[in-house]
Every structure is written in C-alpha cells, then in structure tokens.
Amino acid sequence: MNNVPPLDLTSQYALIGDEIAAAVQKVLASGGYIGGPAVKTFEQEFANYTGVSDCVGCNSGTDALILALRALKIGPGDEVITTPFTFFASAETISAVGATPVFVDIDSGTFNMDVDRLEAAITEKTKAIMPVHIFGQPTDMTRLMDIANRHNLAVIEDCAQSVGAQWQSQKVGSIGHVGCFSFYPTKNLGACGDGGAVTTNDRALAASMRMLKEHGQSSRYFYEEIGYNSRLDAIQAVILSIKLRYLDTWNAQRREKAEFYSQILCHIPGVAVPQELPKAKGVWNQYTIRLTSPENPHSPISPSRNFRDWMRTQLQENGIGSMVYYPLPLHLQPVYKSLGYQPSQLPVAEQVCREVLSLPMFPELSRDQQERAIYGLKDCLAQSARFFD
C-alpha cells in the first residue's frame with residue numbers, strides 16, 4: 001500500500017508541467033533572466049489578484065518582510081507586535097532591522113494572534129503590528145485595524161501561508177499597510193525555487209521597496225540607501241504567472257478537503273479541529289489538529305514523552321505522513337532568551353506547540369488518501385493506552 005505523504009508537489013507539476021516547461025524554455029531562449037517583462041507581468045497580475053495598486057517581487061518571503069519593515073522606517077528602539085506561533089522569519093526580520101519583537105498569545109482555535117490581548121502589549125515604543133495569517137487562516141483584521149488606527153500603528157500582514165485567503169471578502173495582503181508573501185514551493189502559490197512579493201496601496205512605500213531590493217539604487221549606479229540584492233528572477237515569475245491562473249481552483253480543493261477532515265474528526269475524542277472565523281475564508285496551507293489527550297507533564301514545553309510526538313511516530317509507521325508546525329514557540333527560542341520571556345508566560349501558544357499535528361493537505365490529495373489518514377489517526381488513538389504503559 002502506498003504511503004500518504006503530508007505534501008506532494010509532483011502531482012501538481014504533472015498537471016501543468018508542459019505549460020511550465022514551454023514558458024521556462026521561452027525565458028531561457030530570451031537571455032533575459034533577471035527582471036524584464038516576465039517579472040513586470042507577474043507583479044501586475046498579482047497586484048490585480050490581491051486587489052492592490054502595487055506588487056514588488058523579491059527573492060523570498062523573508063526579504064518581503066524586511067523590505068516592508070525598512071520601507072516603514074522601523075529600526076533600533078522600535079517594537080513590533082507579532083505572534084509567537086509562526087515560522088521564525090516573522091520575528092527574525094524584526095530583529096534583523098534592529099527592532100524588538102513583542103509577542104502576544106494566540107487563540108487556540110485559529111492559532112492566530114489573540115486580538116483581545118493585543119492592545120495591552122502596545123507601548124510608546126510600538127511602531128507596527130505584524131499579524132500572521134497562520135496555516136492560511138485570516139486574523140480578525142477588522143478589530144486589528146481598528147486598534148492599529150487608534151494607536152497610529154503600521155500593519156504588516158505576514159501572508160506567507162495565506163495567498164488568496166479573505167477577510168470579509170477582501171484578500172489578505174490588501175488590508176494592512178503592506179502584505180508580505182512567500183512563494184516557497186510548499187505554499188499554495190509556490191515557485192520552483194525561492195520567491196516572494198510585497199503588496200501595498202501606498203505608492204511611496206512601493207517605490208521605497210523597489211529601491212531597497214535593488215541595493216538601494218534610485219537610478220543606475222546612484223544609491224540612496226543601503227539595500228539588498230533581492231530580486232524575483234524571470235523563470236520563477238513565469239512559473240508563478242501560470243500557477244496563479246489555477247490558484248483559486250486549488251484553494252477551493254483545499255477547502256473541500258478541510259471540510260471533509262473536520263466533518264469526521266470533530267466527533268473523535270482527543271482531537272480538536274481547527275476553527276475558521278465567521279468572516280474569514282481560509283485557504284488551508286495546512287490542516288492542523290490538536291491532540292488533546294493527557295501527556296506526561298515533565299516540562300512545560302519539552303516533556304520527556306510527548307503524546308503528539310508518539311502519535312506522529314505511530315502514524316508514520318502506518319504509512320501516514322504528518323508534520324509539526326511548530327514544536328517551540330518563538331518567545332522561548334534560545335536566540336530570544338535576552339527578551340526575558342518565561343515558560344507559562346504565553347500559555348496558549350505553549351500548549352498548542354505541544355499538541356499540534358498537521359495532516360496531509362494538498363489540492364490533489366485523494367478521498368482515499370484522506371480516509372486512510374483519518375482512519376489511521378483513529379486507530380492510533382484507539383491504541384493510545386500504550387503511550388502510558
């Protein structure tokens with residue numbers, strides 16, 4: 001019996017491989033590999049898709065965040081509020097520009113920043129808020145923007161996992177001052193290599209980010225700032241243009257599979273299914289459950305025996321792939337020890353990190369594969385008494 005992988009990029013390529021090969025061959029034959037019409041075309045297409053005036057392509061989602069922070073003049077002495085439950089780049093980029101990340105605990109259902117706790121984290125040093133639409137689920141942007149506007153704060157949307165997601169029918173990346181996207185191959189809109197983009201309705205911010213990504217160059221060989229070499233290459237741009245035409249279909253397929261998972265898993269004791277806010281339309285970059293069965297409380301974060309990890313091993317032995325995003329929250333990472341956060345200070349994020357497990361999720365995932373994942377999970381849960389032996 002074939003295994004069920006957590007992600008399969010080859011099945012998507014099989015559907016559109018001929019289109020991609022022809023487009024890439026055209027770029028190779030042109031000799032124009034950096035910038036040029038292919039990149040400009042994709043930037044305009046992605047701006048139109050997101051619903052903004054400007055899109056600035058760059059070489060990664062990480063650089064997208066740095067470009068946004070730099071364009072907003074955020075640096076030493078400033079604080080940026082974000083979530084502790086996200087990929088390291090969200091906080092790393094804040095630190096990279098010399099600012100300080102401030103972490104706000106999360107909601108256990110959506111895994112996003114708990115907006116109820118946001119205002120208490122604002123200080124006179126706060127310059128911006130960076131919500132992360134984790135796993136493709138939009139944060140409550142109505143309330144977040146209201147808080148940001150009342151305190152005159154910039155909002156940088158980390159949309160790395162949420163391309164195409166909507167809040168009140170408005171696409172993420174068009175609601176805050178800046179939206180930052182990753183086109184890493186595992187994303188809903190993934191390149192065949194690294195890539196990223198920044199979206200905005202602020203023409204001045206867009207101009208600043210375009211300059212920063214080209215070494216701070218205002219015109220050829222004239223430099224206004226210390227910038228970066230952060231360009232989206234033409235080959236990735238034409239691949240992304242092709243994939244963008246399929247994105248809504250792929251996202252709809254992800255939503256269908258998420259609904260099927262939830263319909264069955266919500267009835268299984270010990271499993272907490274992810275939640276979608278009423279005004280949100282998520283795109284399910286991951287389908288992440290929480291395994292809420294008891295575990296040995298040897299340590300707040302790294303128990304000597306973790307039930308979730310045991311379950312993942314059992315699933316793997318039965319041919320069911322899964323992933324853990326993320327085992328340790330950012331406020332307790334060794335690199336941020338100097339910030340002074342203590343275990344149990346952000347209890348929801350810490351508990352979630354012990355419990356989350358991401359099940360197989362990709363548009364081409366078959367119903368048979370989903371059922372095998374579901375019933376494999378049920379079988380492992382039925383044997384969970386072995387964990388406590």
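This is a predicted model: local features need pLDDT of at least 70, side-chain atom pairs count only at pLDDT 80 or more; totals for chains, interfaces and linings use all residues.
## A colleague's note on strands, sheets and helix contacts

1. Which order do its strands take? The order is S1-S9-S8-S5-S4-S2-S3, in an open sheet of seven strands with mixed pairing. Strand S1 (54–58) and strand S3 (100–103) are the edge strands, and each of them pairs on one side only. On average, neighbouring strands of this sheet are turned by 25° against each other, with direction ignored.

2. At the S1 end of the order, S1 and S9 are paired over five bridges in the antiparallel sense. Within that pairing, Gly57 has Ala197 in S9 as its bridge partner. On to S8: four bridges join S8 to S9, and these two strands also run antiparallel. Here Cys180 stands opposite Val198 of S9.

3. Is S9 itself enclosed or open to the outside? Five of the five residues of S9 are buried, so S9 is largely enclosed by the rest of the structure. The reasoning rests on a cut-off: buried means under 20% relative accessible area. In a regular strand, side chains alternate between the two faces of the sheet. Both faces of S9 are covered, with Gly196, Val198 and Thr200 buried on one side and Ala197 and Thr199 buried on the other.

4. Helix H2 (residues 37–50) deserves a look next. H2 lies across S1, strand S8 (178–182) and strand S9 (196–200), and runs at about 130° to S1. H2 also has a helix partner: H2 and helix H7 (residues 234–244) pack at an angle of about 35°, and their axes are 8 Å apart. The crossing of H2 past H7 is left-handed.

5. Which residues make the contact of H2 with H7? From H2 come Ala38, Val39, Phe42, Glu45, Phe46 and Tyr49, while H7 supplies Ala234, Ala237, Val238, Leu240, Ser241 and Leu244. Sorted by class, this contact has 10 nonpolar residues, one polar and one charged.

6. Helix H9 (residues 307–317) packs against helix H11 (residues 367–382) at an angle of about 125°, with axes 10 Å apart. Why are H9 and H11 described as oblique to each other? Angles under 35 degrees count as roughly parallel, over 145 as roughly antiparallel and 65 to 115 as roughly perpendicular, with the rest taken as oblique. At about 125°, H9 and H11 are therefore oblique to each other.

7. H9 passes H11 in a right-handed crossing. On the H9 side, the residues that meet H11 are Phe307, Trp310, Met311, Gln314 and Leu315. Their counterparts in H11 are Gly376, Leu377, Cys380 and Leu381. By class, the contact of H9 with H11 holds seven nonpolar residues, two polar and no charged ones.

8. There is also an open sheet of three strands, in the order S7-S6-S13 and with antiparallel pairing. Its edges are strand S7 (170–171) and strand S13 (280–281); each has a single partner strand, so one side of each is left without a neighbour in the sheet. Strand S6 (residues 166–167) is joined to S7 by two bridges, the two running antiparallel. Trp167 faces Gln170 of S7 across this pairing, standing opposite it.

9. Strand S14 (residues 287–291) pairs with S15 over four bridges in the antiparallel sense, and Tyr287 stands opposite Leu359 in S15. Both faces of S15 (residues 356–359) are covered: Val356 and Ser358 are buried on one side, Leu357 and Leu359 on the other.

10. How many of the 11 residues of helix H3 (residues 61–71) are buried? The count is 10, so H3 is largely enclosed by the rest of the structure. The buried residues of H3 include Gly61, Leu65, Ile66 and Leu67, along with Asp63 and Arg70. After H3 comes Lys73, which has a positive phi, near 60°.

Conventions: Residues are numbered from 1 along each chain as its sequence is written. Side-chain values use heavy atoms; hydrogens and water are left out. Two strands pair if DSSP finds at least two bridges between them. Axes are lines fitted to C-alpha atoms, for helices over the stretch in contact, and angles run from 0 to 180 degrees between N-to-C directions. Contact means heavy atoms within 4.5 Å. A crossing is left-handed if the near helix is turned anticlockwise from the far one by less than a right angle, and right-handed if clockwise. Ala, Val, Leu, Ile, Met, Phe, Trp, Tyr, Cys and Pro count as nonpolar, Asp, Glu, Lys and Arg as charged, and the others, Gly among them, as polar. Buried means under 20% relative accessible area, exposed over 50%, partly exposed in between (1.4 Å probe, protein chains only).
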